[in-house]
Amino acid sequence: MTTPRILIVDDEHDMLELLRRSLAPDLNCRLSTAASAKAALQLLSEQSFDLALIDIKMPEMDGLELLELIKRKWPDLTVVMMTAYGTIETAVYAMKQGAYDFITKPFDHETLLVRLEKALERSTLLAENRRLKQTQDENGPHIFHGMVGKSTAMQRVFETIQMVAATDLTVLITGESGTGKDLAGRAVHALSHRGQSEFLAVNCPTVPEQILESELFGYKKGAFTHATQNKIGLFQQANGGSIFLDEIGDISPSIQTKLLRVLQEKEIKPLGDTRTVTVDVRIIASTNQDLKGKIRAGQFREDFYYRLNVLPIELPPLRKRPEDIPLIADHLFNKHCHRLNKPDKAMSPELISFFQACYWEGNVRQLENLIIQSILFSTSDIVKPDDLAGNNPAGAGAAGAAELPDIRSLPYKTAKENVLQTFNTDYIGALLTETAGNVTQAAKICGMERQALQQIMRRYNISAEDYRQ
């Protein structure tokens, strides 16, 4: 985070010196001073500031006149007015003219610090909004923190993320595997006031319960066998920032109880410790499961669910926003051609239609995997559906792979099913061959959730047993 710059304007030199000495270290800022409105305007024209603290009573041009000029020329500059002759009428007038706050002299130092810190927060938010707008202008209106979409559903998601980020409340992101829940979580963090602090992500299903507890909360030396030294948990590491609990529906009731305490009390207890530790961490959670169903089945705590589901964000599956698929595919082709150092490739109209007709169990992640395969194995600059069908993307040795007929001689729906059957059989078969039938490892390699990979395997009759040695 850049050091904030503050301009103080007051015709009393003693006051300028007092504020310079007291505010600079406490606010960790760079201070400039001006003894008149004229001098202040000169400084403002030469350099940028995050905040101006202006006295009202000054000769020649008073602070209210200066405020009016500032708001005309630098409308986004945050201005706090101060005076020893404060009245309600004056304060109201200053606020109407665009002042952010109004402080009466003599002021308590701690009170002044709090008011100025809040004013600086406003400046930071305005700067971030300007940066985001510039980024969106450069990337086009359909790219939002790595997520792509022009559909009404996705534009609503983007708006919700921006609204949620402005708060400090717990967020629950729901949606099928591969819809971009991790990107949504990172966007919430990046757009929040915690954006410059730690963002730690935990994939809950991949960590055994005992290890997950020690990873989240830490432990004291001697808490269990092999605990030879103290360990700081992720909540303490993320203090001041955010922690992303991915697929929180898979955690045990015991961990749910401990996380409920974090949400309620803002404190943790490391394993083996008798004392609690206060933490300032925003929890952003995600799940692809029906948590209400798990509550009915007695597998998820109802009180924990309602603590999590304060600000919900639901990501739509790819099949429900087909108008976004050409944009997403084009973005992924550009991204991965560059990353893989391959010539740019374009999609044929037939390929776009093919992509839009697919069901996409794995959503954007599945589409991305297929696009990476096509970049690596297609010999043409224009990628067509039959390029996907004939490239055997998993390579030689994939068990159960069958030759495809020429899809151009088949009805469209039949061709689509043939392409998907061969692609999934070859690709997943190669992964299972590499992992000796370990579905969890195969899912990790291709970037999918285990449950999503199992769904695809069931649909295409792919058995992990056939690949176990």
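What is the order of the five strands in the open sheet? I read 2-1-3-4-5, with parallel pairing. Strand 2 (30-34) and strand 5 (101-104) are at the edges with a single partner strand each, so one side of each has no neighbour in the sheet. From one strand to the next the twist averages 20°.

Ground rules: this is a predicted model, where local features need pLDDT of at least 70 and side-chain atom pairs count only at pLDDT 80 or more, while totals for chains, interfaces and linings use all residues. Residues are numbered from 1 along each chain as its sequence is written, and side-chain values use heavy atoms, with hydrogens and water left out.

My terms: helices (H or I, at least four residues) and strands (E, at least two) are DSSP runs numbered from the N terminus. Strands pair if DSSP finds at least two bridges between them. Axes are lines fitted to C-alpha atoms, for helices over the stretch in contact, with angles from 0 to 180 degrees between N-to-C directions. Contact means heavy atoms within 4.5 Å.

I looked up strand 1 (residues 5-9) next: four bridges join it to strand 3 (residues 51-55), running parallel. Leu-7 sits opposite Ala-52 of strand 3. Helix 1 (residues 13-27) packs on the sheet and touches strands 1, 2, 3 and 4 (78-83), its direction making about 165° with that of strand 2.

Then the helix pair: the axes of helix 2 (residues 37-46) and helix 3 (residues 63-73) come within 10 Å and cross at roughly 20°. Ala-37, Ala-40, Leu-41 and Leu-44 of helix 2 meet Leu-66, Leu-69 and Ile-70 of helix 3.
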